[in-house]
Amino acid sequence: MSNQNNITFQVLIEEDKVAGDFTAYVPALRLGAQGETLEEVRKNVTDLISMELESRSRKGQTQLPDDNTAFMESLEIPIPVVF
């Protein structure tokens, strides 16, 4: 029986309609992943997070990063209108 805990990270996933793929970004770890489908990008970012946490553990970095520091915001930027 595995002694496994779960951790939740905020992940920003964006679709690039021009490139036809998806990009995921994990602010708490400053990591990004790419995938051709939504399912693939979710798997890739999950694998990347797991690898990062394993690497930190091997280095003795046992404190988990604080995930509550990211937020989304809309900024209204004035731009000159040129016709």
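Below is a working chat about the sheet, the helix and one proline of a predicted model.

User: Before we start, what do local features need here?

Analyst: This is a predicted model in which local features need pLDDT of at least 70 and side-chain atom pairs count only at pLDDT 80 or more, while totals for chains, interfaces and linings use all residues. Residues are numbered from 1 along each chain as its sequence is written, and side-chain values use heavy atoms, with hydrogens and water left out.

User: OK, what's the strand order in the sheet?

Analyst: The open sheet has 3 strands in the order E1-E2-E3 with antiparallel pairing, where strands are DSSP runs of E of at least two residues, and helices runs of H or I of at least four, numbered from the N terminus, and two strands pair if DSSP finds at least two bridges between them. Its edge strands, E1 (12–16) and E3 (31–35), each pair on one side only.

User: And how many bridges join E1 and E2?

Analyst: E1 and E2 (residues 21–26) pair over 5 bridges, and Glu14 stands opposite Thr23 in E2.

User: Switching to Pro65: buried or exposed?

Analyst: Pro65, which is placed in the segment after H1, counts as buried because its relative accessibility is 18%; buried means under 20% relative accessible area, exposed over 50% and partly exposed in between, with a 1.4 Å probe and protein chains only.

User: What is it in contact with, leaving aside neighbours within four places in sequence?

Analyst: Pro65 is then in contact (heavy atoms within 4.5 Å) with Phe9, Ala28, Leu29 and Arg56. Pro65 and Phe9 are 56 residues apart in sequence and 9.5 Å apart in space, C-alpha to C-alpha.
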